[in-house]
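Hi,

Here's the structure I promised to pass on. Have a look at it first, then read my notes below.

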Amino acid sequence: MGKELTIAMPKGRIFEEAADMLRKAGYQLPEEFDDSRKLIIQVPEENLRFILAKPMDVTTYVEHGVADVGIAGKDVLLEEERDVYEVLDLNISKCRLAVAGLAETAADSVAPRVATKYPNVASSYFREQGEQVEIIKLNGSIELAPLIGLAGRIVDIVSTGQTLRENGLVETEKICDITSRFIVNPVSYRMKDAVIDEMASKLSLIVEGEKAK
Ligand code: PRP
């Protein structure tokens, strides 16, 4: 049997799709995986150990090598710029990073304050646009900021667009498309290359299969 692999998985909306993809790739994940509150789950039959982390923290665990590999959104990778290898686009959890604002003012909005969970991405986007803005960092429910007058606009993830719609906000600019990626710690890649390559190839087959559908 090969070396044990520790994989950091994001809890929350990416989790289900990521777990589903691992199962399709042939990894037997236990039932408790889906509804347990455990943060570390051992799967000795597969020689795997799962760490269930907040999406924004997956890259941190992988960069520090406490997880060998992980599944992380491109949004997090762009924001954090961690020292990890981005090995495969899993093409799941598709969404986009976008600028949005209140419907009434969005068209000609010149509000200088932008609220976001992605201060680095937002700063470089507006710098590239030649626009001076003040970035206000929030940790969630970003859509609240324009409603309550904290910021004129937001930079956030849009998936179905429901959150924007229900809060009377409109998307004004798309920054980029987002999908989840399979990431690897550089040292782990040297020490456990065979087992990591095996996982990457199995996942890659599923990605290609899904694309061909
Ligand atoms: C994300 C994102 C938006 C919402 C978009 O938030 O920040 O608020 O999902 O999805 P939709 O377009 O399908 O409505 P999430 O639920 O992950 O929580 P957060 O507000 O704590 O970031």
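Let's start with a question: how many Å separate an oxygen atom of the ligand from an N or O atom in the side chain of lysine 117? The answer is 2.5 Å. Keep in mind that this is a predicted model.

In total, 13 residues surround the ligand, and Lys117, Glu143, Thr160, Gly161 and Thr163 are the closest. The side chain of threonine 163 has an N or O atom 2.4 Å from a ligand oxygen. With serine 159, it's a backbone N or O atom that lies 2.8 Å from an oxygen atom of the ligand. On its own, the ligand has 490 Å² of accessible area, and the protein covers 75% of that.

Now for where the ligand sits: it's in the largest pocket. Strand S9 (153–158) and helix H8 (162–166) are the elements that give two or more residues to the shell around the ligand, and S9 gives the most, with three. Sorted by class, the shell has two nonpolar, seven polar and four charged residues.

Enjoy exploring!

Terms used: Residues are numbered from 1 along each chain as its sequence is written. This is a predicted model: local features need pLDDT of at least 70, side-chain atom pairs count only at pLDDT 80 or more; totals for chains, interfaces and linings use all residues. Side-chain values use heavy atoms; hydrogens and water are left out. A residue is near a molecule or strand if one of its heavy atoms lies within 4 Å of it. A polar contact is a pair of N or O atoms within 3.5 Å; within protein, one must be able to donate a hydrogen and the other to accept it, and residues adjacent in sequence count only if both atoms are side-chain atoms. Accessible areas come from the Shrake-Rupley method with a 1.4 Å probe; for residues, only the protein chains shown count as cover. On a 1 Å grid over the protein atoms alone, a cavity is a set of points where a 1.4 Å probe fits but cannot get out, and a pocket is an open set with protein on both sides within 12 Å along at least five of seven lines; lining residues have an atom within 4 Å of a point. A molecule sits in a cavity or pocket if more than half of its atoms lie within 2 Å of its grid points. Helices (H or I, at least four residues) and strands (E, at least two) are DSSP runs, numbered from the N terminus. Ala, Val, Leu, Ile, Met, Phe, Trp, Tyr, Cys and Pro count as nonpolar, Asp, Glu, Lys and Arg as charged, and the others, Gly among them, as polar.
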